[in-house]
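Hi,

Here is the structure I promised to pass on. Have a look at it first, then read my notes below.

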Amino acid sequence: MPGEAATIVVVEDDHNISDLVDLYLRRDGFRVIQAADGEAGLAAVARERPRLVILDVGLPGGMDGIEVCRRLRQAGDVPVPVLMLTARDAEVDRVLGLEMGADDYVTKPFSPRELVARVKAILRRAEGPVREVEVVSIGPLEVDRGRREVRRDGEVVALATREFDLLAHLAENTGLVLSRRQLLDSVWGADWYGDERTVDVHIRQLRKKLGEDLPLATIWGVGYRLG
Ligand code: CA
């Protein structure tokens with residue numbers, strides 16, 4: 001469906017927030033449907049078949065965002081990607097928990113630009129490797145998968161194999177939080193025997209070699225995000 005705007009359902013009872021999100025998403029060419037509670041949200045998803053759902057944790061009525069997410073996950077076929085809005089860092093564990101597994105989250109107050117960037121990152125990932133590009137640029141860095149080369153400000157930086165693989169994987173998922181476990185599974189392989197501190201050690205090496213000002217954030221208790 002070329003040219004057709006991707007639909008996003010925003011489930012949030014605070015109209016100030018949903019109107020702001022709506023404004024920024026429309027500005028970026030998305031079609032937005034707002035829903036003010038969980039029931040309306042589920043109905044909108046069933047009706048509109050959106051590409052993504054933005055879901056607040058705190059919703060009025062008998063169903064909070066976590067429950068809505070759980071139901072969306074159970075809805076069968078290919079589950080719709082979900083970006084959660086959380087009010088407190090304490091909610092993050094529940095939001096990213098395996099049983100319900102939101103694709104990403106943003107903690108309030110958030111910048112609408114940041115939210116739109118996260119939405120695009122999730123959609124890129126959901127589309128899979130079809131639009132994969134060889135060279136990814138993040139700030140001063142260029143990650144060139146074709147040549148297995150990393151450049152900082154145009155200069156090649158020598159990395160060990162695993163360091164490169166880790167950086168390349170983070171670069172493929174720019175803007176998304178990846179847990180240590182996800183990184184171990186993707187970069188070292190699910191059958192690799194070792195603990196999650198291995199990831200921290202390699203991240204430290206990357207920062208040392210590429211500069212401490214690398215846009216590589218440590219998300220405490222969760223994992224890492226590049227970009
Ligand atoms: Ca709310």
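The axes of helix 7 (residues 180–188) and helix 8 (residues 197–210) come within 9 Å and cross at roughly 80°. That makes helix 7 roughly perpendicular to helix 8, because angles of 65 to 115 degrees get that name (under 35 is roughly parallel, over 145 roughly antiparallel, and the rest oblique). An axis here is a line fitted to C-alpha atoms, for helices over the stretch in contact, and angles run from 0 to 180 degrees between N-to-C directions. Helices (H or I, at least four residues) and strands (E, at least two) are DSSP runs, numbered from the N terminus.

Which residues meet there? On the helix 7 side they are R180, L183, L184 and W188, and on the helix 8 side T198, V199, D200 and H202. Contact means heavy atoms within 4.5 Å. These residues divide into four nonpolar, two polar and two charged. Ala, Val, Leu, Ile, Met, Phe, Trp, Tyr, Cys and Pro count as nonpolar, Asp, Glu, Lys and Arg as charged, and the others, Gly among them, as polar.

Before you go on: this is a predicted model, where local features need pLDDT of at least 70 and side-chain atom pairs count only at pLDDT 80 or more, while totals for chains, interfaces and linings use all residues. Residues are numbered from 1 along each chain as its sequence is written, and side-chain values use heavy atoms, with hydrogens and water left out.

H169 lies in helix 6 (residues 161–172). Is H169 buried or exposed? It is buried, at 17% relative accessible area; buried means under 20%, exposed over 50%, and partly exposed in between (1.4 Å probe, protein chains only).

Now the whole chain: there are eight helices and 12 strands, and buried residues make up 48% of its 227 residues.

Five of the strands form an open sheet with the order 2-1-3-4-5 and parallel pairing. Strands pair if DSSP finds at least two bridges between them. Strand 2 (31–35) and strand 5 (104–107) are at the edges with a single partner strand each, so one side of each has no neighbour in the sheet. On average, neighbouring strands are turned by 20° against each other, direction ignored. Strand 4 (residues 82–86) is joined to strand 5 by four bridges, and L85 has V106 in strand 5 as its bridge partner. Helix 3 (residues 65–74) lies across strand 3 (52–56) and strand 4, at about 170° to strand 4.

E12 is buried at 1% relative accessible area, whereas D13 is partly exposed at 32%.

Most residues other than glycine have a negative phi, and most peptide bonds are trans. R49, not a glycine, has a positive phi of about 45° and is exposed at 67%. D153 has a positive phi near 50° and is exposed at 55%. A cis peptide bond joins K108 and P109, with omega about -5°.

Cheers
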